[in-house]
Amino acid sequence: MTVLVLAHVNGARLLPGTAHLVGAARAFDQPVHVLVAGEGAREAAERAARLDGVERVLLADDTRLAQQLAEPMAVLLHSLGAGHDVFVGGMASMAHREILPRLAGLLDVMGLSDVLAIEDASTFRRPAYAGNVITTVRLTDDGPRVLLLRENAFERAGEERSQPAPVEELAVPDDLPAPVKVLAEERHDDTGPDLESARIVLGMGRGVSGEESREMLLELAERLNAAVAATRMVVDDGLAPSEWQVGQTGKRIAPALYMAFGISGAHQHLAGIRDAELIVAVNTDDQAPIFRAADFGLVMDAAEALRLLRERSQTK
Ligand SMILES: Cc1cc2nc3c(=O)[nH]c(=O)nc-3n(C[C@H](O)[C@H](O)[C@H](O)COP(=O)(O)OP(=O)(O)OC[C@H]3O[C@@H](n4cnc5c(N)ncnc54)[C@H](O)[C@@H]3O)c2cc1C
């Protein structure tokens, strides 16, 4: 049995979620291979080769893989299928969430998402009902396992090994499907920390209304080296990119501190922040459900709170 981990990459960068996936993959007690796919991804592959427990890194460097579109990526993984019995990706990546179900379809097996714990090669723990219930489930067929894991639920693999694993460049199949052609790409400034690995995350809800409040929140995030999250309402209103969405249909995060500004605390949002160590909420409505999940609460206008925090962080 071999486990194939699909790395989280952004161009040449290996994203921190990969170390969690490798940490999780070691639970199978089998050789772990990592697939680094993208364009100009050699540096990411060399980083992956330094993760503890990785036996081999497979590098698929090809312009057709630059956007990690589900169709070519799933076909690539399928072409590597022989010899791999477990395929592992992460819930934090929208791309992985599209690629792995497609791979499960190609392999004609049941894929499993939202995995929180690996009990054995067939038994897994995962949440149900927006995280209110944790279920233990067993896959009853003998086919390959296709798993989407919640990265933060697993210990990350260390990166200190002196002898890196070999990096093997793959011949990418000629016939990768390309049903979508990307005509243009607008990249958001990604100089700040990743949402999944940031120690501090500032959450933006509909109560952060107005340009000035949003600017203050972004400025504060920069000063605190924090990442910014948003509710689905804010994303749907076009005020934040979808990658910022946290919750049942967004990302799951586990920062040391989550500050929720003008967020009501719907259970679908809470599903994404349950693993935060400390939650601070600012809301004008003292009955808002977010206060039941928060460790500290401020019944206050979000703009006013942001202004005060800005002043305090300026005087530091
Ligand atoms: C299937 C499904 C999946 C979903 N998935 C997600 C998900 O992944 N993530 C997610 O976030 N949501 C998700 N939702 C939506 C979710 O149910 C809520 O509608 C959403 O989280 C609410 O966003 P909000 O708190 O920004 O807005 P609102 O619910 O409108 O709350 C705004 C809050 O701001 C407060 N407020 C108003 N003005 C101020 C002010 N000046 N200062 C301070 N506070 C103020 C209000 O008191 C209120 O509590 C999902 C819904 C469904 C049905």
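How many of the 7 residues of strand 4 (residues 32–38) are buried? The count is 7 of the 7, so strand 4 is largely enclosed by the rest of the structure. Keep in mind that you're looking at a predicted model.

**The chain as a whole**

- You'll find 9 helices and 17 strands in the secondary structure of the chain.
- A compact globule of 316 residues would have a radius of gyration near 20 Å, and the chain agrees because its own value is 20 Å.
- Buried residues account for 44% of the 316 residues.
- Take the contacts between residues at least 6 apart in sequence: 66% of them join residues at least 24 apart.

- Strand 1 (residues 3–6) pairs with strand 4 in the parallel sense, over 4 bridges.
- To spot this pairing, look for Leu6, whose bridge partner in strand 4 is Leu35.

**Nonpolar cores**

- The largest nonpolar core has 56 residues, and Val5, Val36, Ala48 and Val88 are those with the most contacts inside it.
- Leaving aside residues up to four places away in sequence, Val88 touches Val3, Leu4, Val5, Leu6, Leu21, Ala24, Ala25, Leu147 and Leu149.
- Another core lies apart from that one; it has 43 residues, including Leu195, Leu220, Ala229 and Ala230.

**Around the ligand**

- There are 27 residues around the ligand, and the ones that come nearest are Gly205, Gly207, Arg232, Gly247 and Ser264.
- Helix 6 (232–236), helix 7 (267–270) and strand 16 (278–283) are the elements that give two or more residues to this shell.
- The largest share, 3 residues, comes from helix 6.
- Sorted by class, the shell holds 8 nonpolar, 15 polar and 4 charged residues.

**Two residues to look up**

- Arg156 sits in the loop between strand 11 (145–149) and strand 12 (167–169).
- Is Arg156 buried or partly exposed? Arg156 is partly exposed, because 19 other C-beta atoms lie within 10 Å and a buried residue needs 20 or more.
- Not counting residues up to four places away in sequence, Arg156 touches Ala19, His20 and Gly23.
- Between Arg156 and Val280 there are 26 Å in space, C-alpha to C-alpha, and the two are 124 residues apart in sequence.
- Asn10 has its place in strand 2 (residues 9–10).
- Asn10 counts as partly exposed too, with 15 C-beta neighbours inside 10 Å.
- From Asn10 to Ala41 the C-alpha distance is 8.2 Å, with the two residues 31 apart in sequence.

Note on methods: Residues numbered from 1 in each chain as written. Predicted model: local features only at pLDDT ≥ 70, side-chain atom pairs only at ≥ 80, totals over all residues. Near = placed C-beta within 6 Å. Nonpolar A, V, L, I, M, F, W, Y, C, P; charged D, E, K, R; others polar. Rg over C-alpha atoms; globule rule 2.2 N^0.38 Å. Buried ≥ 20, exposed ≤ 12 C-beta atoms within 10 Å, placed from the backbone. Contact = placed C-beta atoms within 7 Å. Core = buried A, V, L, I, M, F, W, Y, C linked by C-beta atoms within 7 Å. Pairing = 2+ DSSP bridges.
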